[in-house]
Amino acid sequence: MLSTVLFVVVALVVLLLASGVRMVQQYQRGVVLRFGRLLPEVRQPGLRLMVPIADRMVKVPVQTIVLDVPPQGAITRDNVTLNVDAVVYFRVTDPVKAVVNVENYMGAVSQVARTSLRSVIGRADLDTLLSDREQINGELRAVIDTPTDEWGITVDRVEIKDIALPESMRRAMAHQAEAERDRRARIIAADGEYQASTRLADAARAMADTPGALQLRLLQTVSDVASDHNSTLVMPLPVELLRFFEHSTGQPGGGEVGDRPADTPTRLPKPRVELAGVDQEPSADGDEKG
């Protein structure tokens, strides 16, 4: 009977001593409370002995924790309603503060992230949210990290995952983008016309300085058009060709070109104007004769 009692006592002592052995993982830190009072030493990874019944250990992970913030409805500064969700990366840097200063640091960080997300979205306009995500992320991190310093938590990074816009706003943005593209196309086309007209003006001045270049250009155009046998070519008669025939045949009613004095100006035949079946010739001073 005595041996049985002794065996039971020894078993209880062994179990009591075993309950005082705790294992702390590499990614954890142990905060020990003895009779409800905080011990200043933080237990490092490994096997740690505690006083049975008197000590209670709280294990706090020091890994980087990823907290998903659910979509939050907010109104931007330019009165656009949208839903924004984000993700917060944080870690515990002071396990004692994380255990003593806040009841549930995970829930506290989640609530701070939600309220901060709505406040930051309310201070920004829609264009900033869509085009400058880095600025919004940095402002969110600064706002969330301010109250969490007292909890021994450091916010490493905050990122906005998605911005859900209303369907009407999406259509309006699509129309705006289409109008912007059309404006750019018109400007590019107008700039091309301006550059082409400048080049054509330079070419016209160069051809004016060299009269033969205009004839060569005309012959080249005729050659390009004549390559298509299905087209009908209408070629204008240049004035220079008329002057050539005039010099070759002489003035009407006169002799050859060589019989005229050198200072005699070359004149073309006077045109005849028909009005109501009556032939009229313009006089020398420009008045019509009946």
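How close do the axes of helix H6 and helix H7 come, and at what angle do they cross? The first point below takes this up, and the others go through the rest of the model, which is predicted.

1. Helix H6 covers residues 167–209 and helix H7 covers residues 211–226. Their axes come within 4 Å and cross at roughly 115°. On the H6 side the residues that meet H7 are Met207, Ala208 and Asp209. Their partners in H7 are Pro211, Ala213, Leu214 and Arg217. By class, this contact holds 5 nonpolar and 2 charged residues, with no polar ones.

2. For the protein as a whole, the secondary structure comes to 8 helices and 10 strands. There are 290 residues, of which 23% are buried. Taking contacts between residues at least 6 apart in sequence, 57% join residues at least 24 apart.

3. The largest nonpolar core has 36 residues. Leu82, Val88, Phe90, Tyr105 and Ile121 are the members that touch the most others in it. At least two residues of this core come from each of these elements: strands S6 (64–75), S7 (81–92) and S8 (153–164), and helices H3 (105–123), H4 (126–131) and H5 (133–148). H3 gives the largest share, 8 residues.

4. Ile121 deserves a separate look. With neighbours within four places in sequence left aside, Ile121 is in contact with Ala74, Ile75, Thr76, Arg77, Leu82, Val84, Leu129 and Ile160. Another core, of 5 residues, lies apart from the largest one, and its members include Val24, Val32, Leu39 and Met50.

5. H3 and H5 also pack against each other, at an angle of about 140° and with their axes 9 Å apart. The two helices are therefore oblique to each other, and their crossing is right-handed. From H3 the contact uses Val109, Val112, Ala113, Ser116, Leu117, Val120 and Arg123. From H5 it uses Ile136, Glu139, Leu140, Val143, Ile144, Pro147 and Thr148. These residues divide into 10 nonpolar, 2 polar and 2 charged.

6. Asp125 sits in the loop between H3 and H4. In sequence, Asp125 and Asp78 are 47 residues apart, yet their C-alpha atoms are 5.4 Å apart in space. Beyond its neighbours within four places in sequence, Asp125 is in contact with Thr76, Arg77 and Asp78.

7. Phe35 has a phi near 50°, a positive value, and lies in the loop between strand S2 (28–34) and strand S3 (37–43). Why does Phe35 count as exposed? Its relative accessible area is 66%, and the cut-off for exposed is over 50%.

8. Asn79 is found in the loop between S6 and S7. Its relative accessibility is 66%, so Asn79 counts as exposed.

Technical notes. Residues numbered from 1 in each chain as written. Predicted model: local features only at pLDDT ≥ 70, side-chain atom pairs only at ≥ 80, totals over all residues. Heavy atoms only, no water. Core = buried A, V, L, I, M, F, W, Y, C linked by side-chain atoms within 4.5 Å. Buried < 20%, exposed > 50% of the residue type's maximum accessible area, 1.4 Å probe, protein only. Contact = heavy atoms within 4.5 Å. Axes fitted to C-alpha atoms, helices over the stretch in contact; angles between N-to-C directions. Parallel < 35°, antiparallel > 145°, perpendicular 65-115°, else oblique. Left-handed = near helix turned anticlockwise from the far one by under 90°. Nonpolar A, V, L, I, M, F, W, Y, C, P; charged D, E, K, R; others polar.
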